[in-house]
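Here is a protein to look at together.

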Amino acid sequence: KKLIEHSQYKQAYEIMKRAIAVDPNLFLIKVYFAWSKILLSSSSKNKNKVLTEVEMDLVQISPEEKAHEIYHYVQALLAKSKNDLLGAKKSLERALNLNPNFIAARRELSLMKRIKAEQKDVFHRDLGDLVGAFFKKAK
């Protein structure tokens, strides 16, 4: 868990893999394993295959684990990896409803809001941004 929180996904993946081999019924072990797989898949060549595997793994998780904020956070990461920003936002909000002090979910939600604000199209910009874009110097 600490390795994932400190962005050491490869090491976390290897440890989770061994832990699941020893005892696959540890509470939230499959959720943390899915979390590490999602974060590793961003640099993988077969990203879609890994994301499909993670989705299948998350379907098989027990109802007790699905009621935990970590599960909803991992669901949000999966949705974000599949470019489903609306689904990711909903999952992050569910995670924050379960635990308002969940810093990783807060950070991810604010990052998504910032990205969405930067990706405004021509029809949803305010007038100052639109006029400023016409007169901006080309680099």
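The questions below go from the overall fold to helix pairs and then to salt bridges.

Visitor: What kind of model is this, and how are residues numbered?
Guide: This is a predicted model, where local features need pLDDT of at least 70, side-chain atom pairs count only at pLDDT 80 or more, and totals for chains, interfaces and linings use all residues. Side-chain values use heavy atoms, with hydrogens and water left out, and residues are numbered from 1 along each chain as its sequence is written.

Visitor: How many helices and strands does the protein have?
Guide: Helices (H or I, at least four residues) and strands (E, at least two) are DSSP runs, numbered from the N terminus. From that end, the elements run α-α-α-α-α-α-α-α-α. The count is nine helices and zero strands.

Visitor: What share of the residues is buried?
Guide: Buried means under 20% relative accessible area, exposed over 50%, and partly exposed in between (1.4 Å probe, protein chains only). The protein has 139 residues, and the buried share is 32%.

Visitor: Are H6 and H7 roughly parallel or roughly antiparallel?
Guide: Axes are lines fitted to C-alpha atoms, for helices over the stretch in contact, and angles run from 0 to 180 degrees between N-to-C directions. Angles under 35 degrees count as roughly parallel, over 145 as roughly antiparallel, 65 to 115 as roughly perpendicular and the rest as oblique. The axes of H6 (residues 69–81) and H7 (residues 85–98) come within 8 Å and cross at roughly 165°. The pair is therefore roughly antiparallel.

Visitor: How do H3 and H6 lie, roughly parallel or roughly antiparallel?
Guide: Their axes are 10 Å apart, and the packing angle is about 25°. H3 and H6 are therefore roughly parallel.

Visitor: Which classes of residue make the contact of H3 with H6?
Guide: Contact means heavy atoms within 4.5 Å. From H3 come Val-31, Tyr-32, Ala-34, Trp-35, Ile-38 and Leu-39; they meet Ile-70, Tyr-71, Tyr-73, Val-74, Leu-77, Leu-78 and Ser-81 of H6. Ala, Val, Leu, Ile, Met, Phe, Trp, Tyr, Cys and Pro count as nonpolar, Asp, Glu, Lys and Arg as charged, and the others, Gly among them, as polar. The contact has twelve nonpolar, one polar and no charged residues.

Visitor: How many salt bridges does the structure hold?
Guide: A salt bridge is a side-chain nitrogen of Lys or Arg within 4 Å of a carboxyl oxygen of Asp or Glu. One of them joins Lys-10 and Glu-14 at 4.0 Å, N to O. Those two sit in helix H2 (residues 9–22), four residues apart, about one turn of the helix. The total is six.

Visitor: Which residue forms a salt bridge with Lys-80?
Guide: The closest N and O atoms are 2.4 Å apart, and the partner is Glu-108. Lys-80 lies in H6 and the partner in H8 (residues 103–118), so the pair ties together parts 28 residues apart in sequence. Lys-80 is partly exposed, at 24%. Buried at 12% is the residue asked for, Glu-108.
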